[in-house]
Amino acid sequence: MYDMLSAGLSVSLLVVSCALWPPAVRAASCETVRIPLCRSMPWNMTKMPNHLHHSTQDNAVLAIEQFEGLLGTGCSPDLLFFLCAMYAPICTIDFQHEPIKPCKAVCERAKSGCEPVMIRYNHSWPDSLSCSELPLYERGVCISPEAIVKAEGPDQYYQDPARCNPESSPDFPMDLNNLHCRGPNGDRCRCKTVKMTSRNYVRNNYNYVIRARVKEVRNRGLEPTAVVDVKEVLKSSLVNIPKETHTLYYSSSCLCPPLAIGEEYLIMGYEHEETSRLLLIDGSIAQKWKDKMNRKIKRWDQILQKRGQSSSRQNRH
């Protein structure tokens, strides 16, 4: 386990604690991270104005998007973490007045890797992202990727380097000594396993369930995706899903749940109604297709419907 912030805080605990605050406290202090580039970060709550004085996340999105091309070069594994710590800083109940800054070393690593690339295109490192005023890890409260607390226990996560599918993703950073895939912050990818059981199906209440064959997995740039041919639609809630080629959108470059090209899967996930996107995020399931899986899903949907009818009757009374 890594040590967390110099103040002894834990990112994993901070995220949980934010979720447990009373609604009034959360609304007054922190807000959910809505910046697409930063949704893969190990925190889910932020506070505006940020360190660049953007008053809203909408303004911050427009500003951080100017770095998409630079992020696509892979010039530094610390760049995305650093940018998100500046544009969507972590917000906690203990640091409501001033959001936590990234550590100076994180900024310096990002700058040393990416400034040479910027100079080749006649740009320099922005003054607004200067490293000089940021706190040192040993002397102040700050956040860095190497200080993130990992989930404990062997059953929490399943890790398999083959599942990161580096062959289909040549831009994916690799630890060549251990042959383990690494995520957007340089940490090893760990996919949380969700078993295909009736309990998980009912509890997670997926928006869509499809049988599909994987054509392509793309992990280049900033928006990892999987392209699939939909063979059968077992459930759709918010988005129309015809039997044709669709793009599924991952929430991080760790590509969880993993998909193998050419294989046919039963995929359960969520839908984003405004963008009409099918999402593959934490809690989604992708299991290789077997006959009679569709019967199972129909049975589980009946359980969900009965529960919905029961709760609606209780609400009327």
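Modeller: Buried means under 20% relative accessible area, exposed means over 50%, and partly exposed is in between (1.4 Å probe, protein chains only). Helices are DSSP runs of H or I with at least four residues, numbered from the N terminus. This is a predicted model, where local features need pLDDT of at least 70, side-chain atom pairs count only at pLDDT 80 or more, and totals for chains, interfaces and linings use all residues. Residues are numbered from 1 along each chain as its sequence is written, and side-chain values use heavy atoms, leaving out hydrogens and water.

Biologist: What makes helix 5 "mostly covered"?

Modeller: Count them: 9 of its 9 residues are buried. Among them are Leu79, Phe82 and Tyr87.

Biologist: How do you know which residues of helix 5 and helix 6 meet?

Modeller: Contact means heavy atoms within 4.5 Å. Leu79, Phe81 and Phe82 in helix 5 meet Val106, Cys107, Ala110 and Cys114 in helix 6.

Biologist: And what classes of residue are in that contact?

Modeller: Ala, Val, Leu, Ile, Met, Phe, Trp, Tyr, Cys and Pro count as nonpolar, Asp, Glu, Lys and Arg as charged, and the others, Gly among them, as polar. On that basis, the contact has 7 nonpolar, no polar and no charged residues.

How values were computed:
Helices (H or I, at least four residues) and strands (E, at least two) are DSSP runs, numbered from the N terminus.
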